[in-house]
Amino acid sequence: MIWGIFKRDMCHATRNVIAVIVSMGLVVVPALYAWFNIAASWDPYGNTKALKVAVANNDKGYKSDLIPVRVNVGETIISTLHANDQLDWQFVKSDKAIDGVKSGEYYAAIVIPKGFSADMMTLFSPDIKHAQLKYYLNEKINPIAPHITDQGATTVVNTIDKTFAKTIAQVGLDLASSILHYSQSPQMAEYMRNLNGNLTTMADTLSGASQQVTSYSQLLGSANDIVDSTGKLLASATKAGKQAQNALKQGKSGATSLTSAGANVTSSVNTALDQVSGAFDQVAAKVNKAFDAIGKDSDTAASQLATLSEQISSGESLYDTYITSLNHMRESVEQLPDSDSAKQALLEAIDREITLLEAAKGDSQKLAQQLKDASTQVTQDTAAAERSRKEILNRITSAKQSISNVRDDYATNVKPKIDALASTVSTLISQTDSMITQLSGTADDLDDVTGDVGTNVTSIRSKLGAIAKKLDSSAATVKELITKLETGGNAGDGNSDGGDGDNDASSSDSGESDELRALATANASTLSTLISAPVALHRVSVYPIANYGSAMAPFYTILSIWVGAIILCAMLKVTISDREKAHVLGLGDTLPRIAGPSGPGNASRWGLRLDHEYFGRYAIFALLALLQGTLVCLGDTYFLGVQANHALQFLAVGWLAALVFSNIVYTLTVSFGDIGKAVAVVLLVMQVAGSGGTFPIETLPKFFQMLYPFLPFPHAIDAMHAAMAGSYGNEYLLDMVYLALFLIPSLLLGLVLRKPVIRLNNWVSRNLESTKVM
């Protein structure tokens, strides 16, 4: 049944030339609609040079002592715009510029006021003024032109900003270069050396003054404590003086005892040392006698030598006793005051005497050991015994000499110093006794003076502390200035003295010097240009589109396919007449009377169901819609040259969109007649506004953002964009699936939901036809 209906429709559509021409027109017209819009918007922003924008310069310029260069930003703007072809700049007087905007001769006008440069230079004064351009705009000529001219005005403002920054930077760099050259001159080097020397002296002076003030403050603090306790001290001065006098009397007695002790020690020392020396002479005689008896009676000789060894060992206690006495004497001397000049000399003499005694004691110990060794050797080896005899005699001689040295040193050094010390102590005691007597008399006179001395000490210390802090701060400031000047000097004369050790600097100072020198000696124009525009924008296109026409092609192509679907429903009948039904059923030219009134489904008793009528008539709609989609997509790609990285995918989107759109419009028309056509037009208008094909959906009102996912246009446009520039993941397939899903509600309406309203639609159609107008 479906094939029969489609075959008769194709025969009728190609029966005559007019029908063929109309059918071709139905296919071509939507494509023309898309192509004209795409071609017209191919590169609209590349043709803005035809838009006339007037520029009037009234700037009088500016010159000051700070920047000894005449600055006229207005002239710079005019010269820059002469080389700018973004818009058709018209350089006229201000009156003509404003009048031209009002008359429509110019889309916009920019007027530079008289004090523009002067206002810009207020940057260096306390009273800063914003320099303003006057921008006149005719907004009624065209809705897009104001935005394009706004872009041109923005270009002018950016040009001004960059030019101003470049001028200031260039003047600053020139000034820095001049300063650097002067800093490298010999006069500047000499001046810096003198200045650093003076500043160093000043810093040292300030630091020294601060230390002195701090010392004075501390001294006053100590004095304050002394003053507080002076009263008590003076009160007990008399009593202490009497006690001191008693102590001095005892000290005088001790000094007399010291003299007597020194004499007694001297006598006992001389006696002991003479005895030891005589004992050594007796030992020598006994040794010779013992060794002479070796050949006759070796055992007797050995016994004699052993006895001599024990006698000498027992004599070591004399040395220990004498050393102990000297140590006691040394402890007494150490208690003397350090100011006594005889103290240290006496200590050194006693130490030397103790050292000599210990040496003599060592010689005696060695002699005893050699005698002991010899007592064992005399019975064994006569030759070895003779050698021991000589060594023992030599050791005896050495021991006697050590004893003589001790005795002589004591008589020469120790004894005289002990006598001198005793005399000194007696004299000191007499002087001190006199001084204490005077002190007792003076204490009574000073007792009344200490009352008011410490009254203002605390206040004076506070002021001195504040002065010390200020002096420290000033010294630190001067030292910081010296450091900065030295850094600047290193930067200026880093290589002026080739081998001079004074030019050794740290790596960081050297690096800063090199950077400063490179900055000041570089091209000032290049650096000022960099400073005026330090950031360059590097565009990285993701899924790049060749041009604006290609970017707009999906929107206009999808729009034309929907328009083509509306045209098909406007030109072709969506219902099948009873005569056509009868021919398809083979019943002749008319249906039997029992079929009832003409309308959808009235031939179902003969096998021509409602779905047969729906798909049978829709077949020719689908064919023509596919032809429309094919033509517009192929024309976009191969006629206009629209970018299509995946041409087959691009064409597939056109085919699917043609089937979906034609089915939706066909279903609305079949279900609701002419009202359905009006609904299709309303859907068209809604999708033009809410599809996101021109402006991002995020910029549209909230209503359209909520409606966006439930319209077929956005999914078709997104799928076509993915086919043109590339797809992220399954983006293309998902959009195609979302687009195909719109067939479900459309078929549900055309096959099921429209049955209850068929009679209502027939009644509405009859009433409209009865008006003879609709």
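Biologist: Which side chain is joined to that of Asp636 by a polar contact of 2.5 Å?

Modeller: The model is a predicted one. In it, Asp636 belongs to helix 18. Its side chain makes a polar contact of 2.5 Å, and the partner is the side chain of Thr557.

Biologist: Is Asp636 buried or exposed?

Modeller: Leaving out residues up to four places away in sequence, Asp636 touches Trp35, Ile38, Thr557, Gly641, Val642 and Phe650. Burial requires a relative accessible area under 20%. The relative accessibility of Asp636 is 0%, so this residue counts as buried.

Biologist: Which residues touch the most other members of the largest nonpolar core?

Modeller: This core has 62 residues. Several helices each supply at least two of its residues, including helix 1 (2-13), helix 16 (548-571), helix 18 (610-639) and helix 19 (647-672). The members that touch the most others are Ile558, Trp562, Phe621, Phe661 and Tyr666.

Biologist: How many residues make up the second, separate core?

Modeller: Among the members of this second core are Tyr319, Met329, Val333 and Val414. The core is separate, and its residues number 18.

Biologist: How many residues apart are Arg8 and Glu580, the pair that links distant parts of the chain?

Modeller: Arg8 and Glu580 form a salt bridge, with their closest N and O atoms 2.7 Å apart. Arg8 is partly exposed at a relative accessible area of 23%, whereas Glu580 counts as buried at 12%. Arg8 lies in helix 1 and Glu580 in helix 17 (residues 578-585), and the separation of the pair is 572 residues.

Biologist: Which residue meets Asp9 in a salt bridge?

Modeller: Asp9 lies in helix 1 and its partner in helix 18, so the pair ties together parts that are 608 residues apart in sequence. Both partners are buried. The N to O distance is 2.9 Å, and the residue that meets Asp9 is Arg617.

Biologist: What is the relative accessible area of Arg609?

Modeller: Arg609 forms a salt bridge with Asp611, the closest N and O atoms being 3.2 Å apart. Asp611 is partly exposed, at 25% relative accessibility. Arg609 is also partly exposed, with a relative accessible area of 43%.

Biologist: How many salt bridges does a search of the whole structure find?

Modeller: We have discussed Arg8 with Glu580, Asp9 with Arg617 and Asp611 with Arg609. For the whole structure, the search finds 5.

Biologist: Which helix gives the largest share of the nonpolar patch?

Modeller: The patch covers about 490 Å² and is made by Val17, Ile18, Ile21, Val22 and Met571. Val22 is partly exposed, with a relative accessible area of 35%. The largest share, 4 residues, comes from helix 2.

Biologist: What percentage of the 774 residues in the chain do buried residues make up?

Modeller: The chain contains 25 helices and 4 strands. Its accessible surface is about 43,600 Å², with 58% belonging to carbon and sulfur atoms. Of the 774 residues, the buried ones make up 37%.

Notes:
Residues numbered from 1 in each chain as written. Predicted model: local features only at pLDDT ≥ 70, side-chain atom pairs only at ≥ 80, totals over all residues. Heavy atoms only, no water. Core = buried A, V, L, I, M, F, W, Y, C linked by side-chain atoms within 4.5 Å. Buried < 20%, exposed > 50% of the residue type's maximum accessible area, 1.4 Å probe, protein only. Patch = residues over 30% accessible without salt bridge, like charges linked within 9 Å, V, L, I, M, F, W, Y side chains within 5 Å. Areas by Shrake-Rupley, 256 points an atom, 1.4 Å probe, with all protein chains shown as cover. Salt bridge = Lys/Arg side-chain N within 4 Å of Asp/Glu carboxyl O. Polar contact = N/O pair within 3.5 Å; in protein donor to acceptor, adjacent residues only side chain to side chain. Contact = heavy atoms within 4.5 Å.
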